[in-house]
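Thank you for making time for this one today. I would like to walk through a few side-chain features with you, so please have the viewer open as I go.

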Amino acid sequence: MSPITLILIAIGLGLAGWLAGRAKAWSFQKSDPSIRLVARPNYHAWYVAVWIVIPVLAFIVLWSIVAPQLVMQSVLASPAANVLPDFGFERQSILSEARAVASGNAQAVFNPDAQGLVKPFYGAISRYNIIGLVVTIIIGFGGGAFAFLRVKPDFRARTRVERTVMIVLLLASLVAILTTFGIFASLVFETVRFFGMISPLDFLFGTYWSPDPMSSAANPDSTRYGAIPLFWGTIFIGAIIAMIVAIPLGLMSAVYLTQYANPRLRAWVKPALEILAGVPTVVYGYFAALTVAPVIRDAAVAVGISNASTESALAAGVVMGVMIIPFVSSMADDSIAAVPSAMRDGSLAMGATQSETIKRVLFPAALPGIVAGVMLAVSRAIGETMIVVMAASTAANLSANPLDRMTTVTVQIVKMLTGEGSFDHPATLSAFALGFVLFMVTLVLNFIALRVVKRFREAYD
């Protein structure tokens with residue numbers, strides 16, 4: 001039985017408990033009008049519903065993890081499993097085929113050895129579906145009965161319900177923190193393993209990047225893991241070229257839309273500009289590879305650069321800058337529009353021109369939001385992968401020439417983690433070290449943005 005079915009059952013039981021708790025609370029006043037309830041009937045109803053839904057949902061989450069393992073153990077314990085290979089891909093393929101047919105996700109098996117496992121799988125799945133359904137109903141009725149019996153005129157149901165909601169909100173707020181901590185912990189663990197094989201100095205300050213997945217994992221050549229070309233490519237493409245394109249265009253579009261455009265034009269232009277943020281990055285990659293890169297190559301050849309290639313850091317950076325214009329423009333637009341109109345009107349009343357008001361009043365007052373938008377755009381740019389793969393290649397070159405081929409940290413992470421590389425080899429583990437460095441850089445950028453925003457917000461509040 002799918003978790004969706006169990007969740008619907010939980011909702012149905014919760015609704016029944018809500019109605020029963022509310023009816024019982026109302027019955028106290030109907031039987032004796034002099035009785036005053038400490039909490040309203042709706043709070044008693046929600047108290048019963050919470051005691052049904054939350055335990056049932058907790059069981060569903062646990063059961064969705066445990067049930068597949070129990071089914072597999074039951075099948076492997078059956079006599080039909082004796083035909084399975086001891087280990088390997090073929091064993092998993094046979095089990096997957098039999099399970100798919102037994103679950104109704106496939107019509108037939110391709111491997112004859114899987115046919116005999118279909119019936120054990122079907123029986124195990126049916127058995128544990130019934131067990132899950134029965135336990136779900138028992139937990140729902142048990143929690144509902146416990147809460148229903150506690151519904152009394154002097155019971156403080158409102159306090160209990162609000163405390164439960166507060167705990168749920170707290171857990172929801174901790175999801176992002178715990179997720180970040182989990183990502184950080186996994187990166188640190190794998191990075192420590194990598195630095196146990198490769199010197200951190202060679203990795204952080206080496207200028208040659210060419211990992212060899214076929215080399216010996218016990219004695220890798222540490223000189224091949226110099227990540228400086230990757231760091232430079234990431235900064236050059238994402239934080240220099242892209243920002244040169246995005247910041248001026250984004251700020252100028254925000255100024256025009258907030259200060260010069262009439263409301264009718266703004267209602268059309270602003271949504272059209274923000275549509276750029278929803279375009280898939282692969283589309284930008286095709287645009288960079290098929291349109292922008294050839295134009296840049298032809299322009300370079302026209303001015304006498306004979307070795308110009310269709311893959312260049314400039315092509316990737318320009319298109320990446322176009323992609324992140326909405327981040328800069330939207331944040332700057334909102335920040336400028338949020339400046340109190342009294343500041344703008346006061347500047348104009350003192351004789352300042354509109355351009356002087358924008359430069360000396362609106363921009364300084366909106367600077368926290370503008371800086372936050374720029375930092376968000378930089379973080380977005382340095383994490384981009386698809387545009388660099390399609391327009392700037394995967395070659396790790398340390399060069400200041402924007403027409404050269406370059407690559408970034410994220411591209412190499414994808415390259416190292418795709419394929420059949422062993423997670424005990426430094427070539428594969430290098431992806432985690434690169435991810436850790438990128439994580440720390442993004443974290444530092446966020447801290448800088450917060451400090452700048454806090455400083456200037458205090459100055460202009």
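This is a predicted model: local features need pLDDT of at least 70, side-chain atom pairs count only at pLDDT 80 or more; totals for chains, interfaces and linings use all residues.

The structure holds 15 aromatic pairs, and one of them is the stacked pair made by Trp232 and Phe236, whose ring centres are 5.0 Å apart, with 20° between the planes. Both residues belong to helix H7, which covers residues 228-260, and they are four residues apart, about one turn of the helix.

Which residues form one aromatic cluster? They are Phe194, Phe195, Phe203, Trp209, Tyr225 and Phe231.

Turning to the charge, the ring of Phe148 has the charged end of Lys24 sitting over it, at 4.4 Å from the ring's centre.

That brings me to the surface, where Ile167, Leu170, Leu171, Leu174, Ile177 and Leu178 form a nonpolar patch, and together these residues have about 570 Å² of accessible area. If we take Leu178 as one member of that patch, we find it in helix H5, residues 157-197. Is Leu178 buried or exposed? Leu178 is exposed, because its relative accessible area of 56% is over the 50% cut-off.

Methods: Residues are numbered from 1 along each chain as its sequence is written. Side-chain values use heavy atoms; hydrogens and water are left out. Patches are made of residues with over 30% relative accessible area and no salt bridge: like charges are joined within 9 Å, nonpolar side chains (Val, Leu, Ile, Met, Phe, Trp, Tyr) within 5 Å. Accessible areas come from the Shrake-Rupley method with a 1.4 Å probe; for residues, only the protein chains shown count as cover. A salt bridge is a side-chain nitrogen of Lys or Arg within 4 Å of a carboxyl oxygen of Asp or Glu. Helices (H or I, at least four residues) and strands (E, at least two) are DSSP runs, numbered from the N terminus. Buried means under 20% relative accessible area, exposed over 50%, partly exposed in between (1.4 Å probe, protein chains only). Rings of Phe, Tyr and Trp (its six-membered ring) pair if their centres lie within 6.5 Å; planes under 30 degrees apart count as stacked, over 60 as edge-to-face and the rest as tilted. A charge sits over a ring if NZ of Lys or CZ of Arg is within 6 Å of the ring centre and within 35 degrees of the ring normal.
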